[in-house]
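Visitor: Could you show me how to read the features of a protein model? I would like to begin with the rings.

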Amino acid sequence: MMHILAVDDDPVILDLLRGSLTEEKNYKLTCAASAEDALDIVREAPRLFDCFLVDIMLPGVDGIEMCEMIRACAAYRSTPILMMTASREAGLMQRAFFAVRSGARPAHGCKSRSWRHRRGP
């Protein structure tokens, strides 16, 4: 079963994902409405996520910064991250692509013991 974390502040989008990515289709979906909540979920998860679906435009910590934080953690350096947005701003798309593609810098506590996970059920 693919374990996915979806992060979006729009409840309609999260409901759409919940209806589409079901356990019957072999997905285990966890949802968060903010990057801060998502990072807490990642830190406390008993196993690694297999994929992230992240809205770029989030209040507070945005999706790009969240992606950089995730990529700074060794366990998530190659985990697929799909960035979602309604924006067509070229600069924003370029920043998102770079954050997903290249990994990142050390950021905000990613080196803490709580970011260390093991794969498995």
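**Rings and strands**

Guide: There are 2 aromatic pairs in the structure. Rings of Phe, Tyr and Trp (its six-membered ring) pair if their centres lie within 6.5 Å; planes under 30 degrees apart count as stacked, over 60 as edge-to-face and the rest as tilted. Here the planes of phenylalanine 49 and phenylalanine 52 stand at 45 degrees with ring centres 5.9 Å apart, so this pair is tilted. This is a predicted model: local features need pLDDT of at least 70, side-chain atom pairs count only at pLDDT 80 or more, and totals for chains, interfaces and linings use all residues. Residues are numbered from 1 along each chain as its sequence is written, and side-chain values use heavy atoms, leaving out hydrogens and water.

Visitor: Why is the pair of phenylalanine 52 and tyrosine 76 called edge-to-face?

Guide: Their planes make 75 degrees, with centres 5.1 Å apart, so the pair counts as edge-to-face. Ring pairs join Phe49, Phe52 and Tyr76 into a cluster.

Visitor: Are phenylalanine 52 and tyrosine 76 buried or exposed?

Guide: Both are buried, meaning under 20% relative accessible area, with exposed over 50% and partly exposed in between (1.4 Å probe, protein chains only). For phenylalanine 52 the value is 0%.

Visitor: What is the strand order of the open sheet?

Guide: Strands of a sheet pair through backbone hydrogen bonds, either parallel or antiparallel. Strands (E, at least two residues) are DSSP runs, numbered from the N terminus, and two of them pair if DSSP finds at least two bridges between them. This open sheet has 4 strands in the order β2-β1-β3-β4, with parallel pairing.
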